[in-house]
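Please look over the sequence and the structure before reading on.

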Amino acid sequence: MQITDKIIQKIIGNVLKYGVRSVLIISIIGGLIFLFNHSNEPVAYGRFTENDRSIVDVVSGILKGVADLQGRAIIYLAILVLFCTPLLRLLLSLLSFILEGDKLYVFITSIVLVIIGFSMYFGFGH
């Protein structure tokens, strides 16, 4: 089977559709677990603590929390999936532009990916 632009466009549409549905399901599950375990705890809205951790530490902490079925970590996993959905769409678009031979859009999409990479690297823990 040859990969065509129409096939990639269908895959992109499915990534967006199922990505959003997955985020909804994951966040509902995480929210229910969190509410079940922490429903009687008071919330201190006047206290804010900033985390100066690298993205690797953040993601590994989320994955460990998901393995322990912590509601907050599952909600954070939903946020990661929400972030990765358009990122995957962007990567698939880059593949589509490469297959089409559209050098201008390959260049523009590559610049957007580099900007996202820099903002992720320099935005966490710095």
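## The largest pocket and its lining

Helix H3 gives the most to the lining of the largest pocket, contributing seven residues. The model discussed here is a predicted one, and its largest pocket holds about 1,100 Å³ of space. Of the 33 residues that line this pocket, the closest to its centre are Thr 49, Asn 51, Arg 53, Arg 72 and Tyr 76. At least two lining residues are supplied by each of four helices, namely H1 (5-38), H2 (55-67), H3 and H4.

Arg 72, one of the residues closest to the centre of the largest pocket, belongs to helix H3. Arg 72 counts as partly exposed because its relative accessibility is 46%, a value that lies between the limits of 20% for buried and 50% for exposed. Between Arg 72 and Ile 7 there are 37 Å from C-alpha to C-alpha, and in sequence these two residues are 65 apart.

## Along helix H3

Which residues does Thr 85 touch, once residues up to four places away in sequence are not counted? Thr 85 lies in helix H3, and with that exclusion the residues it touches are Val 15, Leu 16 and Gly 19. Thr 85 has a relative accessible area of 8% and is therefore buried, since the limit for a buried residue is under 20%.

Ser 96 is also part of helix H3, which covers residues 71-100. With a relative accessible area of 1%, Ser 96 is buried, and, again not counting residues up to four places away in sequence, Ser 96 touches Asp 5, Ile 8 and Gln 9. Glu 100, found in helix H3, is by contrast partly exposed, with a relative accessible area of 43%. The C-alpha atoms of Glu 100 and Thr 4 are separated by 8.7 Å, although the two residues are 96 apart along the chain.

Leaving aside neighbours within four places in sequence, Val 66 is in contact with Ala 73, Ile 74 and Leu 77. A separation of 9.1 Å lies between the C-alpha atoms of Val 66 and Gly 30, which are 36 residues apart along the chain.

Leu 69 lies in the loop between H2 and H3.

Which residues make the nonpolar surface patch of about 650 Å²? The patch is made by Leu 104, Tyr 105, Phe 107, Ile 108, Ile 111, Val 112 and Ile 115. Ile 108, one of these residues, lies in helix H4, which covers residues 103-123.

How values were computed: Residues numbered from 1 in each chain as written. Predicted model: local features only at pLDDT ≥ 70, side-chain atom pairs only at ≥ 80, totals over all residues. Heavy atoms only, no water. Patch = residues over 30% accessible without salt bridge, like charges linked within 9 Å, V, L, I, M, F, W, Y side chains within 5 Å. Areas by Shrake-Rupley, 256 points an atom, 1.4 Å probe, with all protein chains shown as cover. Salt bridge = Lys/Arg side-chain N within 4 Å of Asp/Glu carboxyl O. Buried < 20%, exposed > 50% of the residue type's maximum accessible area, 1.4 Å probe, protein only. Contact = heavy atoms within 4.5 Å. 1 Å grid on protein atoms, 1.4 Å probe; cavity = no way out; pocket = protein on both sides within 12 Å on 5 of 7 lines; lining within 4 Å. Points joined across faces, edges and corners; volume = space filled by probe spheres on them.
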